[in-house]
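Tutor: Let's go through this one together, contact by contact, with a question at each step. Keep the picture open as we talk.

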Amino acid sequence: MQENFFNQVYEVVKLIPKGKVTSYGAIAKYLSSSRASRMVGWAMNNCHSRSEYIPAHRVVNRNGLLIGKAFFGKENEMSLLLNDEGVEVKDDQIINFKNHFWDPSIELTL
DNA sequence: CGATTGACGTACG
DNA sequence: TCGTACGCCAATC
């Protein structure tokens with residue numbers, strides 16, 4: 001399979017610390033282009049094809065909205081996981097998103 | 001093999 | 001400030 005973009009996405013997502021969240025655009029920008037955010041979402045769509053578990057619930061859109069909840073299975077599961085990790089989520093919307101935001105381009109110190 | 005879609009985001013009007 | 005168009009790459013139809 002793709003050992004460059006997709007694998008990079010999965011690796012970054014798995015590196016997200018507990019209680020932290022990031023956005024598709026942040027990962028895309030860290031990997032290549034800011035406009036490659038669709039590829040990140042596509043990677044998440046195929047995340048089940050990966051051998052490792054991908055904490056996709058820690059990856060949200062630019063608005064901090066749990067857009068992927070519909071693909072996660074149980075809608076509440078995604079919110080509950082984030083809440084359990086210390087991330088405040090209200091109505092599928094992350095509260096203090098900026099406070100919980102985890103930027104790979106900064107945390108990974110590219 | 002060619003066209004369209006897809007967990008988004010940025011740029012331009 | 002709000003709305004529409006485009007870009008990225010892979011997978012599916």
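Student: Which residues of α3 do the residues of α2 meet?

Tutor: Helices here are DSSP runs (H or I, at least four residues), strands are runs of E with at least two, and both are numbered from the N terminus. Contact means heavy atoms within 4.5 Å. On the α2 side, Tyr24, Gly25, Ile27 and Ala28 take part, and the α3 residues they meet are Ser37, Val40, Gly41 and Met44.

Student: How many nonpolar, polar and charged residues make up this contact of α2 with α3?

Tutor: Ala, Val, Leu, Ile, Met, Phe, Trp, Tyr, Cys and Pro count as nonpolar, Asp, Glu, Lys and Arg as charged, and the others, Gly among them, as polar. By that rule, the residues of the α2 and α3 contact come out as five nonpolar, three polar and no charged.

Student: What kind of model is this, and what pLDDT do side-chain atom pairs need?

Tutor: Residues are numbered from 1 along each chain as its sequence is written, while chains are lettered from A and ligands numbered from 1 in the order in which they are written. This is a predicted model, in which side-chain values use heavy atoms without hydrogens or water, totals for chains, interfaces and linings use all residues, local features need pLDDT of at least 70, and side-chain atom pairs count only at pLDDT 80 or more.

Student: Are α2 and α3 roughly parallel or roughly perpendicular?

Tutor: Axes are lines fitted to C-alpha atoms, for helices over the stretch in contact, and angles run from 0 to 180 degrees between N-to-C directions. Under 35 degrees is roughly parallel, over 145 roughly antiparallel, 65 to 115 roughly perpendicular, and the rest oblique. Helix α2 (residues 24-31) and helix α3 (residues 37-45) pack at about 110 degrees, with axes 8 Å apart. The pair is therefore roughly perpendicular.

Student: Which residues of α2 are buried?

Tutor: Buried means under 20% relative accessible area, exposed over 50%, and partly exposed in between (1.4 Å probe, protein chains only). An α-helix has 3.6 residues a turn, so residues three or four places apart point the same way. The cover over the buried residues of α2 includes α1 (5-15), β1 (22-23), α3, β2 (59-60) and α7 (104-107). Those buried residues are Tyr24, Ala26, Ile27, Ala28 and Tyr30.

Student: Which helix gives the most to the surface near DNA strand B?

Tutor: A residue is near a strand if one of its heavy atoms lies within 4 Å of it. Of the 19 residues around DNA strand B, Ser37, Arg38, Met44, Arg62 and Phe71 come nearest. By class, this surface has eight nonpolar, eight polar and three charged residues. With seven residues, the top contributor is α3.

Student: Which residue has a polar side-chain atom 3.0 Å from a base nitrogen of DNA strand B?

Tutor: A polar contact is a pair of N or O atoms within 3.5 Å; within protein, one must be able to donate a hydrogen and the other to accept it, and residues adjacent in sequence count only if both atoms are side-chain atoms. Polar backbone atoms lie 3.4 Å from a base nitrogen in the case of Gly41, and 3.1 Å from one in the case of Met44. The side-chain atom at 3.0 Å belongs to Trp42.

Student: Is Thr22 buried or exposed?

Tutor: Thr22 lies in strand β1. Beyond four places in sequence, Thr22 touches Ile16, Ile27, Arg58, Val59, Val60, Phe101, Trp102 and Pro104. Its relative accessible area is 0%, so Thr22 is buried.

Student: Which residue's side chain makes a polar contact of 3.2 Å with His57?

Tutor: His57 sits in the loop between α3 and β2, and at 3% relative accessibility His57 counts as buried. Leaving out residues up to four places away in sequence, His57 touches Phe72, Met78, Leu81, Leu82 and Glu85. The side-chain partner at 3.2 Å is Glu85.
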